[in-house]
Amino acid sequence: MKKTVKVFTFIDRDTSPFLETWINYYSKLQNSSLAILHKNKLTPIIEANYPNVHFIDVSDYYNNISSTSYIPPNKIFTEYQAKFLLSYDRVIYTDLDEFIVHEDLNSVIQSDFDPCLVTTGVEIVQTIGKEDGVDFNKSIISQRSNMIYSI
């Protein structure tokens with residue numbers, strides 16, 4: 001039986017250049033559902049453009065922190081991960097500008113693995129004016145000349 005997958009992220013404004021790319025990339029996963037947590041009122045156009053994405057207002061979590069803070073409290077992600085795990089077999093969180101890339105990501109997600117899977121990070125940097133946008137039909141690393149490797 002195919003495992004169900006919930007992929008979620010957080011945005012603090014609706015003008016991110018990564019929003020459409022993130023939605024398009026992760027919506028290709030089999031048996032997946034996407035959710036975007038946000039703290040500011042989104043324009044109605046954003047939600048209308050993506051009717052299959054679950055937008056969740058988490059503004060209430062910010063009542064007791066500085067109004068200048070743009071970093072969400074960790075408890076938001078922990079609580080939503082736990083909530084999503086009640087209905088989905090797999091729950092994935094990524095920042096809006098992060099993509100888990102694998103030759104066959106669907107197979108990895110559908111396989112049996114430890115409850116906590118840690119990915120290796122590669123910060124791939126686009127040289128504006130010299131490199132085109134990402135083509136997800138090609139190797140991402142082959143499209144960039146600069147990256148930072150991290151574990």
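Student: What share of the contacts in the chain with a separation of 6 or more do residues 24 or more positions apart account for?

Tutor: In this predicted model, such residue pairs account for 59% of those contacts. A contact here requires heavy atoms within 4.5 Å.

Student: Why is Glu 47 called partly exposed?

Tutor: Its relative accessibility is 37%. Buried means under 20% and exposed means over 50%, with partly exposed in between; therefore Glu 47, at 37%, counts as partly exposed.

Student: Where does Glu 47 lie, and what is Glu 47 in contact with, leaving aside its neighbours within four places in sequence?

Tutor: Glu 47 belongs to helix H2, which spans residues 44–49. With those neighbours set aside, Glu 47 contacts Leu 42 and Phe 55.

Student: How many helices and strands does the chain have, and what order do the elements run in from the N terminus?

Tutor: There are 4 helices and 6 strands. Starting at the N terminus, the order is β-α-β-α-β-α-β-α-β-β.

Student: What makes up the lining of the second largest pocket?

Tutor: This pocket holds about 360 Å³ of space. It is lined by 14 residues, of which Tyr 25, Val 101, His 102, Glu 103 and Phe 136 are the closest to its centre. The lining divides into 6 nonpolar, 4 polar and 4 charged residues.

Notes:
Residues are numbered from 1 along each chain as its sequence is written. This is a predicted model: local features need pLDDT of at least 70, side-chain atom pairs count only at pLDDT 80 or more; totals for chains, interfaces and linings use all residues. Side-chain values use heavy atoms; hydrogens and water are left out. On a 1 Å grid over the protein atoms alone, a cavity is a set of points where a 1.4 Å probe fits but cannot get out, and a pocket is an open set with protein on both sides within 12 Å along at least five of seven lines; lining residues have an atom within 4 Å of a point. Grid points are joined across faces, edges and corners, and a volume is the space filled by probe spheres set on the points. Ala, Val, Leu, Ile, Met, Phe, Trp, Tyr, Cys and Pro count as nonpolar, Asp, Glu, Lys and Arg as charged, and the others, Gly among them, as polar. Helices (H or I, at least four residues) and strands (E, at least two) are DSSP runs, numbered from the N terminus. Buried means under 20% relative accessible area, exposed over 50%, partly exposed in between (1.4 Å probe, protein chains only).
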